[in-house]
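The entries follow in the order in which I looked them up.

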Amino acid sequence: MKDSRRTRPPRTIEPIFKSVASGTAGSVPGTPIYIGDRTPVEATLSLIQYNAEQVSFITPESLEEILAMQEEGMVNWVNVNGLADQDLIKRLCGYFRLEALTIEDILNTEHRPKAEDFGQYFFLITKMITRRPDCTVEYEQVSIVITRFGVLTFQEVPGDCFGPVRDRLRTGVGRLRRLGSSYLAYALLDVIADNYFSVLEWLGDQLESKETAAAAQSAGNRFMVDLQGVKADLNRMRRTVWPVREAVGALLHSQSEILEDGLDPFLRDLYENTVQVLDSLEVYREAAASIQEVYLSAVSNRMNEVMKVLTIISTIFIPLTFIAGVYGMNFRHMPELDLPWAYPATWGLMVSVALGMVAYFKKKKWF
Amino acid sequence: MKDSRRTRPPRTIEPIFKSVASGTAGSVPGTPIYIGDRTPVEATLSLIQYNAEQVSFITPESLEEILAMQEEGMVNWVNVNGLADQDLIKRLCGYFRLEALTIEDILNTEHRPKAEDFGQYFFLITKMITRRPDCTVEYEQVSIVITRFGVLTFQEVPGDCFGPVRDRLRTGVGRLRRLGSSYLAYALLDVIADNYFSVLEWLGDQLESKETAAAAQSAGNRFMVDLQGVKADLNRMRRTVWPVREAVGALLHSQSEILEDGLDPFLRDLYENTVQVLDSLEVYREAAASIQEVYLSAVSNRMNEVMKVLTIISTIFIPLTFIAGVYGMNFRHMPELDLPWAYPATWGLMVSVALGMVAYFKKKKWF
Amino acid sequence: MKDSRRTRPPRTIEPIFKSVASGTAGSVPGTPIYIGDRTPVEATLSLIQYNAEQVSFITPESLEEILAMQEEGMVNWVNVNGLADQDLIKRLCGYFRLEALTIEDILNTEHRPKAEDFGQYFFLITKMITRRPDCTVEYEQVSIVITRFGVLTFQEVPGDCFGPVRDRLRTGVGRLRRLGSSYLAYALLDVIADNYFSVLEWLGDQLESKETAAAAQSAGNRFMVDLQGVKADLNRMRRTVWPVREAVGALLHSQSEILEDGLDPFLRDLYENTVQVLDSLEVYREAAASIQEVYLSAVSNRMNEVMKVLTIISTIFIPLTFIAGVYGMNFRHMPELDLPWAYPATWGLMVSVALGMVAYFKKKKWF
Amino acid sequence: MKDSRRTRPPRTIEPIFKSVASGTAGSVPGTPIYIGDRTPVEATLSLIQYNAEQVSFITPESLEEILAMQEEGMVNWVNVNGLADQDLIKRLCGYFRLEALTIEDILNTEHRPKAEDFGQYFFLITKMITRRPDCTVEYEQVSIVITRFGVLTFQEVPGDCFGPVRDRLRTGVGRLRRLGSSYLAYALLDVIADNYFSVLEWLGDQLESKETAAAAQSAGNRFMVDLQGVKADLNRMRRTVWPVREAVGALLHSQSEILEDGLDPFLRDLYENTVQVLDSLEVYREAAASIQEVYLSAVSNRMNEVMKVLTIISTIFIPLTFIAGVYGMNFRHMPELDLPWAYPATWGLMVSVALGMVAYFKKKKWF
Amino acid sequence: MKDSRRTRPPRTIEPIFKSVASGTAGSVPGTPIYIGDRTPVEATLSLIQYNAEQVSFITPESLEEILAMQEEGMVNWVNVNGLADQDLIKRLCGYFRLEALTIEDILNTEHRPKAEDFGQYFFLITKMITRRPDCTVEYEQVSIVITRFGVLTFQEVPGDCFGPVRDRLRTGVGRLRRLGSSYLAYALLDVIADNYFSVLEWLGDQLESKETAAAAQSAGNRFMVDLQGVKADLNRMRRTVWPVREAVGALLHSQSEILEDGLDPFLRDLYENTVQVLDSLEVYREAAASIQEVYLSAVSNRMNEVMKVLTIISTIFIPLTFIAGVYGMNFRHMPELDLPWAYPATWGLMVSVALGMVAYFKKKKWF
């Protein structure tokens, strides 16, 4: 039943449990099994080795190539894209002496973000949040292992937001090349947090267009469904960033020897950024609630308007139609029918009734 | 009055107090009495004895058979299904020197989940949550007593989710056979928590179908009742898992000597799982609230549409009917009636009025 | 103004301040004055004296009789029903050396539940909650003073729920007769907490009937008023049990020497029971909110249905009536009127219009 | 800008910023300036001097008279009504060596309730809440300075609720005359808290009448505005009493030597009273929310009833009118018109249609 | 991507991400870059140098002029308006040995308010909130660096609320000239907090006018949009002042040697002021919610009224029209038509029906 445990917080509810396979019931705890709702992707490896003087980008053929190239005095950043090849991952983790539960956590792509100090290494699970072209928000788990000699990162699928870090490694601007592995890990976390802000920006744009539509009373029938979709995105992001904040806080307050001196101000800055993301998410949630109220009020106002038109037309013409009906009766003895001025008089009566009604509505400020 | 105390948190409100018998008023605290809303089931016993080398599955005839087979150096897992035979349970508990209040708690199947360290043994109450074929969620209390030499488990009715654990004991894969009684208890708790995820999955499926119905505006009159049913399920599950989380946390932070070294990472993993269940429940609760808002908005929109149709038809035809009524009057002196072009002119007037109305509604964007 | 202070949390708002007399303004703090909204009842006294060997039930003529019978080596339970005779209560409390503020608290029947350790005695205020035959919930304050030699209990009116305790004293089953005064106090608190469960049960029954009515759309105009009444009952009970829980917690964590050794497990059990009452109250509050939503949704659905019927009938017949009106006009030159097939053709037209409308509504799924 | 800072929490929003003068911008912090929204009242002074044996009530001509009469061995209660004469207040405070910020706080009548220990004196800001004859609630700040030799009280306007304390000083009943200045301060705070209960009582009465109106469906258009007014009163009172509770708590836990021994039980009693006020306010807030729900439900029910009447009348008569319209057509060839039994048959048809409709509505339980 | 991180909490959602440039992706953490959504303004500098005896106001040509004039024994207040000239700011900060992250924070005008002790200096970020003439609220970041010899302040744009402080420096009233740099910083913070009160006042005015409109049922279609705008302003202000309060609290509890002795009471006063701002914001938020409820209730009432008018008119005239229709039928055999009293009798019937309806509505209290 191990598998069914791995639930993914939903954008809407739909895609949650789609790919949950229930065939591995009874799996032993601590046995690494790939868990997730994506088609597992074959692992592609990359290694970046650098120190202040030099940097080399390697795309190796095999794991052994990487392991052979590990070198002290250099920072080694091993990045794994795709978690399908469990054997490879287990060998890699075994080389770095990671514990079984760490490997299990790496393979469970639905894990809650967390930070854990294992003495010889520091283990972090965080989430990369990016916007997909089809207007959905993608959550990808990134596991980061910080050792004294380098950093291991594990991603679910190819494609990440680490480009700026690679550029800075390549060009050598800033402190990055001069500092050690924990600063590299910080730089990766910082770039992930930066991406949160662009997703925030995009959600803000969506809210903005919804707000305009609600205020302009031009919202269609899908409005509420879409707005609830944005609210679900905000909720899910909040639930994801909240434990990320905790993980960064744990890193900040950790006494681990693996973290370089002087990293504290940077981690505090990172921590403040995640707090600001959460703050903005709160602002957006309030804004979404506010938009919903404006929309509902607009719907109600429009209903009122419709009712008023109906009422005005009805209450003006129903009495007139009655009058016309009266003189359409076929009684033989209706003295009015023979009076020559009766017809214009009836018109007069009808116009008076109509004007009286209009005056009444004017007084009631109905239009 | 002891009996009336045992309330069961309801799926809906209905089945709560059904079977509460009030005949045992004045019972002495600490006197074990079976309490619950099921027909008590006669106890069936089973014993599994194992160590790294061997394992034996025994379904004994009588309690004494079990007690005679207890053996040091082996882990003894005694499982009791059904709590009706109090005498048997008291003798079993007496053999293992459980305290009177522990026995009372075992027999009270409405007890809150908790963990308590009694020195010689560790006592846990947890809840098994499973989905019944008739689409309701079943809560069954499982009491677990961990001693140095084995584990006692007490269930309300036959049928449980411990199959995978029994399989692992039989086949000997993983650590289970090599480790002691506290690891067995962990394995049982882990399997129970795994089951939470399948119930979650099922609740998620229900929410999903509700969401589709709400968005497609195809929700029937029962929709709200059903949705509130799912919300009640989510609430009840949250109220059940919350103290389970506390109990696991107490186990995790316990200093009890009964717990093996090296169990901590597994318990932490278990703890994280219950936290994730609670997290997902929160997500689902928010989703349920969101679905409700979509539904209510759809209801309101449909009302609006109905009103609009009524208003459009009424306001177009009511003035026309009035005009027709006017020329249906029987006044002798109505000059229009004799004009040869009056009838087509009237038609013209009526078409103009109708077109004017339609133009007005177009301008107001009513259709 | 001392009097006006004593407010009683209301079932509905009505009965709160009814009997507040404002005639004692300026009373000195610490001066015992009976405060409450009941007609004060003359005190009736009773004494139960027991140890493991013997028990005697005494209904004395006067206070002095009780005081004379106090005996060491026996547990003395003095129960006072009715607080009107302040002089008697002051003498009684004086004999047991209770402090002035304790006496004031005993006489103030609107006091918040609390527990206070005075060294020589332990003072508890709790509330007995019972259901009155007229379907209201009655709150009666019970003050309990635990001394080394016995227990004093003070109730507002005759009639209590202590029958089971008296029975156990009489028959001598269980530990009660063998243990001291603090165990007696526990037994009384336990019986009071048991009563909470029967009130809970009754509130659950009420909610159940409301739920059925709401789901069956058979709720009348009083529905909402009644539901709010149940919610007010739940709220009031929660506000009452919450400090009771705190008081029991204070008793549990107290280091007072007056409490016997070995009482802890029982108090913990009692504490867990009050927690469970609060849990169930939360479940009921959520259920009440849920019922309200179902009811409001049902009201809204019914409105929708009414509107639909009106709209369908109106939009079918209004155009037909217009057509009939047209051919009821009295123009001399209406060529259609003279055509022999005009009348059946008009019927044909009208039937077509009606069928078209029906088809439109079918397509819109209005029925 | 010092002035604009002094905002007053509003009953409704209206009277908040009315009298805010913005002319003192740039005033130096710590410079005492009268701030408040009342026309400042000239200070009137009074002195009550007492010990266990004697008491004298003095209304002095000038401040100097008071200062001259200060006497050790007596408790001196100087009361100042009206804060307009800053010079007088500064001289008075100077005589008692109060710090500049204390004086500033005394003059700022919009200050939050608080308690502060200044070593030589203890400074308390609290609020007197009274009901004005015009059905509004009045908040008046009372600053209390407790020194070893007496108590200073500062009020905004003449008229207070200290009458009972003065009476007890005059008559000498109770402990008041026998104890020192901190007990006097307690007595004043106690009387202020007592007044909270009478305001509570009055708000409860208002809620009660609202509840009756809502349940009886006799609420007018002002209902909601009035109910929100009561809610605003409850909110404001809660926001005022909350810091008062904190201030009393600070007094209770203070180690200040100025506070007499033995004051603790009284302060604890006072603290419990403020807690009870807050509890009752919560109950009232819930009651107000409940009344609002009943009211809104009643409005909705009434709407439903109106719609039903309209629908029943319309759907019965619209088809009938159509039938009548058909036979009012003037086609030359309408065979029915010449049949002798056609007219009664038409009546029969119309009655059948009407009865069918009524039966339909009966079946739908519309009346 | 550094840039996209800097989100600005929105008044409404619109202006948030407008000017976010995404061109600086991959910038190195700790690299100062101007971030904000205003067109950066060239820096203008000013220096105020004072001690108890003298004060000089200097508007220097260049930064070097300022640096040259720094003098010990004087308090130096350097104010920078406009953050576009990063080079200048870096040189200034370098002179005062501010750390790189401090400089980055100064340049990031979207930073959360905070207080940080760097040993040699104390760094504060706060927000100036002012009302713009176009009825929006402007948030401007003010960074304050407190050193032993002076204060540095950085603002985004020219124009501030520090006029009163400059006046007090010029005229020398109060303590300001006599005390050191930390008191100057306090004075600046105090003036900023004072400004919060004037914005509060303005928001209160807006709420007041909304409340009047809602109660008078004269609210237009924009009402809800505007009210949500005020609510968004209140929310944003709360989110801004909340961390300001924390920052002031950190300053208050700081042990930094840079803060003068005797500053504590002033900081506590400042802290209490920010608490009061937050309190008032809560009151306003509750008031806004209350206004919204009044408005929605008024809308609903008006709808009810419209429906009632429609229903009354319809239900009176529809039956009458039916009667008239009946006697407008052209059956040859309608005996009533020939009766001489039939016409007046029909009128009688119609009047009776109308009066009956009116009586029914009177009884139902519909008007």
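Entry 1: I began with Tyr50(E), which stands opposite Val75(E) in β3(E). I took strands (E, at least two residues) and helices (H or I, at least four) as DSSP runs, numbered from the N terminus. The model is predicted, so I noted that local features need pLDDT of at least 70 and side-chain atom pairs pLDDT 80 or more, while totals for chains, interfaces and linings use all residues. Residues are numbered from 1 along each chain as its sequence is written, chains are lettered from A and ligands numbered from 1 in the order written, and side-chain values use heavy atoms, with hydrogens and water left out.

**Entry 2: the neighbours of β3(E).** I found 7 bridges between β3(E) and strand β1 (residues 44-50) of chain E, and these strands run antiparallel. Strand β7 (residues 150-155) of chain E is joined to β3(E) by 6 bridges and runs parallel; there Val78(E) stands opposite Leu152(E). Two strands count as paired if DSSP finds at least two bridges between them.

**Entry 3: burial of β3(E).** I checked strand β3 (residues 75-81) of chain E for cover, and 7 of its 7 residues are buried. Buried means under 20% relative accessible area, exposed over 50%, and partly exposed in between (1.4 Å probe, protein chains only). In a regular strand the side chains alternate between the two faces of the sheet. Here Val75(E), Trp77(E), Asn79(E) and Asn81(E) point one way, and Asn76(E), Val78(E) and Val80(E) the other.

**Entry 4: the whole sheet.** I traced an open sheet of 7 strands in chain E, in the order β2-β1-β3-β7-β6-β5-β4, with mixed pairing. Its edge strands are β2 (55-58) and β4 (114-117), each pairing on one side only.

**Entry 5: aromatic pairs.** Rings of Phe, Tyr and Trp (its six-membered ring) pair if their centres lie within 6.5 Å; planes under 30 degrees apart count as stacked, over 60 as edge-to-face and the rest as tilted. Tyr327(B) and Phe331(C) form a tilted pair, 4.9 Å centre to centre with 35° between the planes. Tyr327(B) lies in the loop between α7 (264-326) and α8 (335-338) of chain B and Phe331(C) in the loop between α7 (264-326) and α8 (335-338) of chain C, so the pair joins two chains. The relative accessible area is 12% for Tyr327(B) and 4% for Phe331(C). I also noted that both rings belong to a cluster with Phe317(B), Tyr343(B), Trp347(B) and Phe322(C).

**Entry 6: Met237 and the cores.** Which residues touch the most other members of the largest nonpolar core? Among its 341 residues, they are Met237(A), Met237(B), Met237(C), Met237(D) and Met237(E). A nonpolar core is a set of buried Ala, Val, Leu, Ile, Met, Phe, Trp, Tyr and Cys residues joined through side-chain atoms within 4.5 Å. Met237(C) touches residues including Ile129(C), Tyr139(C), Leu203(C) and Leu281(C), a contact being heavy atoms within 4.5 Å. Apart from this core lies another, of 135 residues, among them Ile316(A) and Leu320(C).

Key: Lists of a residue's contacts leave out its neighbours within four places in sequence.
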